[in-house]
Amino acid sequence: MRSLVTGNPPHRIPQAEVREAARQAFPRMAARAGMLGVFDNAQIETRSLSRPLEWYTHERGFGEKNAVFVQEARALGERLAREALERAELAPGDIDAVVVVNTSGISAPSLDAYLIETLGLNRHAARLPVWGLGCAGGAAGLARAADLVRAGYQRVLYVAVEFCSLTLIKGDESKSNFVGTALFSDGGAALVVTAPDVPGPPPLLALHGGYSTLIEDSEDIMGWDVIDSGLKVRFSRDIPTLVRSMMQENVAQALASRGWSRDDVRAFVVHPGGVKVLTAYEEALGLPEGALDASRRVLSAHGNMSSVTVLFVLEEVLRDQPLGRGLLSAMGPGFSAEHVLIEFVND
């Protein structure tokens, strides 16, 4: 990986203001004992939104919200992709494959077609739009970008953009919608993965392969229900309990797929789906205190941006200039676990 850039839309909102807006927008849920506490328990201080907070307090149809998604996803994706190319010291025409990940809106033609057109990328570049993996998409997309390089594509541009705030459904007094209002936010990331012999800046890290697990009989755990007013979030089971029950064995299997062991891993880059999920990871893997501090910092500053969030965590971990092997992990609809085996090289 030669570059990594992250970014957000301009409306940065303190959690306390979102909490007050939710109290007024969802009076029945807010009146239930302990429900407003989810905003404090989330340990989120600020979030970035694609529109001013007041915009979300009015009824919006699916078409209107999705049009905002397409507009904002194109703008943020383009800006971040340009910077990622510059940092990788590549011209747009050098790119021979494009991966775009999102789950919070719909675009056809897919967003990669827009990027090729507006950035002047190679018109013969392989295109891989990835939709529907939710929070796991950031990890899975990174693994697919690396797979494309191994398949012979020398320079791969990878962009993830999510506008989860646009899935808020005004008037939906369900617990899932209310909890989503306390967690979801907007952001994007772009990076470039190349073959080792491609000229350019020193690599940030090496990618050693991915490991995917689709959990049996788990479709109900998380996802969207598509209704007239938009994408309605679905949470139906205790994800922290699932992490505690399966993650130790699942991580061992992921590492063993490349001949690694738990003792080889110096850094864990974990998607912060919530503070309870991070605690469950720590308990399942026996991690020392502070091992997931980067995940907690990203959650506090940005909330849950679905697929994008784990790439923000990776950027945060890279600031500490680690060395050695690491594991990047996320879970999402399916229900699934995605791991990427990485190595920090710091030339």
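Which residues in α10 meet which residues in α11? Before selecting them, note that this is a predicted model, in which local features need pLDDT of at least 70, side-chain atom pairs count only at pLDDT 80 or more, and totals for chains, interfaces and linings use all residues. Residues are numbered from 1 along each chain as its sequence is written, and side-chain values use heavy atoms, with hydrogens and water left out.

**Stop 1: α10 and α11.** Select residues 293–302 for helix α10 and 309–319 for helix α11; helices (H or I, at least four residues) and strands (E, at least two) are DSSP runs, numbered from the N terminus. Their axes are 9 Å apart and the packing angle is about 125°, where axes are lines fitted to C-alpha atoms, for helices over the stretch in contact, and angles run from 0 to 180 degrees between N-to-C directions. That makes α10 oblique to α11, a term for what remains once angles under 35 degrees (roughly parallel), over 145 (roughly antiparallel) and 65 to 115 (roughly perpendicular) are set aside. Ala294, Ser295, Arg297, Val298 and His302 in α10 meet Thr309, Phe312, Val313, Glu316 and Val317 in α11, contact meaning heavy atoms within 4.5 Å. By class, this contact has 5 nonpolar, 3 polar and 2 charged residues; Ala, Val, Leu, Ile, Met, Phe, Trp, Tyr, Cys and Pro count as nonpolar, Asp, Glu, Lys and Arg as charged, and the others, Gly among them, as polar.

**Stop 2: the open sheet.** Now show the open sheet of 4 strands, which has mixed pairing and the order β8-β13-β12-β11; two strands pair if DSSP finds at least two bridges between them. At the edges stand β8 (205–214) and β11 (265–270), each with a single partner strand, so one side of each is left without a neighbour in the sheet. β11 pairs with strand β12 (residues 324–332) in the parallel sense over 5 bridges, and Val265 has Arg325 in β12 as its bridge partner.
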